[in-house]
Amino acid sequence: TVTSLTDLVAFAISSTSALPALASFCAFASINIFFLWALAATFFTSTMVIDEKRQRDNRRDILCCFKRKRSNVDDDTGAEEGWLSSYFRKYHAPKILSTPGKIVVSVGFAALFGFGLYGAINLPVEDSERNFIPADSYIETYSETADEYFPSNGVSLFLVFEGGQNMYKNRESLAQLSDRVSGKSQEPPYIAEPNSDSTYRNMMSGLHDYLDANGSDAIGGAALGADGWPVSYSDFETTVQAYVDPRGPGSRYVSDLSLDGSDEIQSYRVKLEYIRLTKTFRGETIDDSSKQIESMDATREMVDSWTDLQPAFPYSEK
């Protein structure tokens, strides 16, 4: 029962792996272990009892409806003790049951238990995709070089802001969103500094800079107010769609804008990036799950604290 339970838990935990093949295998194994234990505890035990009754009734094993004739000759001459049984009875058992033997066994067990406990405490739960890469592969060399020279490049993070009307209402705050995510690279949520296109991509910032430098003539010609933005929401919506058009000046933001069936703005996303949340363990670079959890929780708290903006939610590929 204990072995079945530990195997079931181990495979069930591994079924949450990000690797589909491994997750499917572990889920299959955990379900089979459960039913194997259930059948062993119920069906197998009951059939053993029935078989024992068959033997006592002197019935045949396959044709159990027929009984064999009982033999009057007792062929049981008894079992002879072999050398292994003799060793355990004469030497092994008396030694370990003696006082010095008990001390040696207890100390050895305590040492083994302590070593296992130490190993369990220091066993990392993280893993890395690099374990699937051959050590002599150029990909491994590339990853090590990236860790050394580009430590700030990590997993992409996206913040999704909902509602076109809310976007227009909070246009200035959304355009200056970089101020809110700056200075967070050395502590949770470990967001890389928004100082390059690879670590920060904000359509509202790009549109604001474009309107400030070029006006709106090339993207719809909407009238601009004193703040440099279109004076109405309808003009804003037209300007945004013209700006992110595949042939427009903001075409790189086309995947960051979501429109509904009537071409009205539903939401838009801002791309950020985490720093590399890794650590070195026994000479290998692996994911640091503690930092990943801290960054995830801190990111949610950060977004929830922006009560002056419209509803938003973060997501990333990990």
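In this predicted model, strands E1 and E3 pair through seven bridges and run antiparallel. Within that pairing, Ser156 is bridged to Glu273 of E3. Strand E1, residues 156-162, also pairs with strand E6, residues 312-316, in the antiparallel sense. One of the residue pairs there is Val160 with Phe313 of E6. E1 is mostly covered, with six of its seven residues buried. The two pairings of E1 are set out below.

| Partner of E1 | Sense | Bridges | A bridge pair |
|---|---|---|---|
| E3 | antiparallel | seven bridges | Ser156 and Glu273 |
| E6 | antiparallel | five bridges | Val160 and Phe313 |

Strand E3 (265-273) also takes part in covering helix H10, as do strand E2 (257-259) and the helices H6 (164-169) and H9 (203-214). H10 spans residues 233-243, and its buried residues are Tyr233, Phe236, Glu237, Thr239, Val240 and Tyr243. Viewed down the helix axis, the buried residues of H10 fall within an arc of 165°, so they line one face of the helix. An α-helix has 3.6 residues a turn, so residues three or four places apart point the same way.

Another packing concerns helices H3 (residues 83-97) and H4 (residues 99-121). On the H3 side the contact is formed by Lys95, Ile96 and Leu97, and on the H4 side by Thr99, Gly101, Lys102 and Val105. By class, this contact comprises three nonpolar, two polar and two charged residues.

How values were computed. Residues are numbered from 1 along each chain as its sequence is written. This is a predicted model: local features need pLDDT of at least 70, side-chain atom pairs count only at pLDDT 80 or more; totals for chains, interfaces and linings use all residues. Side-chain values use heavy atoms; hydrogens and water are left out. Buried means under 20% relative accessible area, exposed over 50%, partly exposed in between (1.4 Å probe, protein chains only). Helices (H or I, at least four residues) and strands (E, at least two) are DSSP runs, numbered from the N terminus. The arc is that of the directions from the helix axis to the C-beta atoms. Contact means heavy atoms within 4.5 Å. Ala, Val, Leu, Ile, Met, Phe, Trp, Tyr, Cys and Pro count as nonpolar, Asp, Glu, Lys and Arg as charged, and the others, Gly among them, as polar. Two strands pair if DSSP finds at least two bridges between them.
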